[in-house]
Every structure is written in C-alpha cells, then in structure tokens.
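User: I should like to learn how to read several features of a structural model. Please take them one at a time, giving the general idea and then the case at hand.

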Amino acid sequence: MSATAPVRPVLPPDIKARKGGAPLVVLTAYTTPVARLVDPHCDIVLVGDSLGMVLHGLPSTVGVTMEMMILHGRAVVRGLGKAMAVIDMPFGSYEESPAQAFRNAARIMAETGAPAVKLEGGVTMAETIAFLTARGIPVMAHVGLTPQSVNTLGGYKVVGRADEADKVMADAKACEAAGAFSIVLEKVPEGLSGRISKALTIPTIGIGAGVDCDGQVLVIDDMLGLFTDFRPKFVKRYAELGKLADEAIATYAAEVRARSFPAAEHSFPDALPPATKAKS
Ligand code: KIV
C-alpha cells in the first residue's frame, strides 16, 4: 500500500471555487512536450483553436476542425499531471444547435480525456451552454473578441468600448447564468473587464483584458517570442525563442556547409576501442 494519497485531478468545480483567490494561471499548449513544460506552473492548460494559426499556418481559426482539436487535445492531456486541460470547440462544431454542440463536446471529452470544453459566444450561446452543463459537460465561455467571428467583427479589434460595454456585460452574465464554470474575456477594455469580474461569481480569465481579471491566459508561442513578426500589444514576451532558434539554425547551416558538423564526437568509428569491446 502506498503511503501517499493519490493525486486527485483538478476539475472545473475546483477552478470555479478559486473565484476571489490567487489568480489563475493559464497558458495554451498543443503538444505533449510543451504540456509537460507548462504543467507544473499552470492551473489550466488550454488547447486553443489558435493552434490553427500557430501550428498549421491558417489565416484564422475558422478552418480548424474537430480532428485537429482532438489530435492535439490528446497529445496535451498525455503531457499533463497536475493542471486541468480545456479544449476549444472549433468553429462550426457547436453553433447549429445544442444537440450538435453536445455530440461534439462529448466526443472531444471522450477522445481526449479532457474534463472541459471552451466555446465562443455570450447571450446567443447561453441556451447551448445550459444544455451542455445540464448534461455533464463543463463549459468555459469566451466573450469580448471572439476570433471565430472575425469575418463578422471585421478584424481582431477591442470589443466593449462605449455602446458595446453593456452588450459584453450582458454576454458575460448570460454565460454565468447558463452554468459556465469560468469565462475568457478577450480584448475587453480594462475598466469593463474589472466590472465584469466584480459582477460575476465565476472566475474571469483575461487576454488583453487588464489586471483585474481572476486569471490570465496567453498563447504559449506568443509569450515565448517564437514569432518575430507578430507583436500584439497585450502579449508580453517572456523570452525571444524565435531569435535564439534563428541563430541556432544559421549556425547549423554554416557548419554543415563548412563540413565542421558533424565532428568526431557526433560520429561512429568503424571499430570500437578494445576496452569498450571487452565490456560489451
Ligand atoms: O484559441 C486560443 O488560444 C484562445 C485563447 C487565446 C483564449 O482562445
């Protein structure tokens, strides 16, 4: 018998109970090795549909499929030991009807092992969120800038200034009333996101939404500086891995061309030295 109690995985009610406590730390991940890197530091690891742009070079998240989300979702869940996985529902997989949303959310959870999904939309999606949560599917909502609607919004703009503020507040309240366990506020002005965070009893997780949210999320590749040409205002770069990678790749290319790589220590001799032979 083991002396240590088994570790209970973090579940959506634990995240909901964190309202008003220490800020929630959330990052995206799309692969097992990155999931392993972020797991010790995060409360939630989001398999965002941003993977369509970040990993697959798509122009927006509109082209992301269920298959892509499930493939990357499984890879991430495999790499997590402590943090909770949340998987984005891709565009077109949930908007048609609550029944369509249930079918696809259940498939995502069953095939990835993640205990929750995220979907975009406020008042319009409230009926669907209520349908899912009543049937065992924990939902993280997402309001403000909803990137899957980029074609109707007309760009990746701040959402919630002036006349738009009441609508964003109403969207957030509708998601809470429908049973969402937490909500992402994307590109919402800081004063408004502070008021929403005060008004709701579920944690708000901000991205470009100021410091008064109950938690923060960033896209991992953005905060590691893996892109050299993508610098949105709301992303703080905690490293410049793109620059480091460029330097490393340039050095490799120069060494291959100069025949200085591989050196002897990277190559295999034709015959093993006698001492090694004796051991083997
Ligand atoms: O797709 C994503 O990565 C997201 C976060 C940026 C919130 O939705």
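User: Is Arg-18 buried, partly exposed or exposed?

Analyst: Buried means under 20% relative accessible area, exposed means over 50%, and partly exposed lies in between, with a 1.4 Å probe and protein chains only. Arg-18 has 26% relative accessibility, so it counts as partly exposed. This is a predicted model, in which local features need pLDDT of at least 70 and side-chain atom pairs count only at pLDDT 80 or more, while totals for chains, interfaces and linings use all residues. Residues are numbered from 1 along each chain as its sequence is written, and side-chain values use heavy atoms, with hydrogens and water left out.

User: With which residue does Arg-18 form a salt bridge?

Analyst: A salt bridge is a side-chain nitrogen of Lys or Arg within 4 Å of a carboxyl oxygen of Asp or Glu. Arg-18 is paired in this way with Asp-43, and their closest N and O atoms are 3.1 Å apart. The pair links distant parts of the chain, 25 residues apart: Arg-18 is in the loop between helix H1 (12–16) and strand S1 (24–28), and Asp-43 is in the loop between helix H2 (32–38) and strand S2 (44–47). Helices (H or I, at least four residues) and strands (E, at least two) are DSSP runs, numbered from the N terminus. Asp-43 has a relative accessible area of 17% and is therefore buried.

User: How many salt bridges are there by this rule?

Analyst: The count is eight. Among them is the pair Arg-237 and Glu-240, at 3.0 Å from N to O; Arg-237 is buried at 17%, whereas Glu-240 is partly exposed at 34%. Lys-243 and Glu-247 also meet, at 3.3 Å. Both lie in helix H11, four residues apart, about one turn of the helix. A network of salt bridges links Glu-67, Arg-107 and Glu-111.

User: How does the span of helix H11 agree with 1.5 Å a residue?

Analyst: The expected span is 1.5 Å times one less than the number of residues in the helix. H11 (residues 241–257) has 17 residues and should span 24 Å; its end C-alpha atoms are 24 Å apart, which agrees. Just after H11, Arg-259 takes a positive phi of about 55°.

User: Which residues have the most contacts inside the largest nonpolar core?

Analyst: A nonpolar core is a set of buried Ala, Val, Leu, Ile, Met, Phe, Trp, Tyr and Cys residues joined through side-chain atoms within 4.5 Å. The largest one has 61 residues, and those with the most contacts inside it are Val-45, Val-117, Leu-119, Ile-129, Ile-183, Leu-185 and Ile-196. Helix H8 (residues 164–178) supplies the largest share of this core, seven residues. A second, separate core has 14 residues, including Val-26, Leu-46, Met-84 and Ile-205.

User: What covers the buried residues of H8?

Analyst: The buried residues of H8 include Val-168, Met-169, Asp-171 and Cys-175. Their cover includes helix H6 (126–134), strand S5 (139–144), strand S6 (182–186) and helix H9 (190–199).

Technical notes. Contact = heavy atoms within 4.5 Å.
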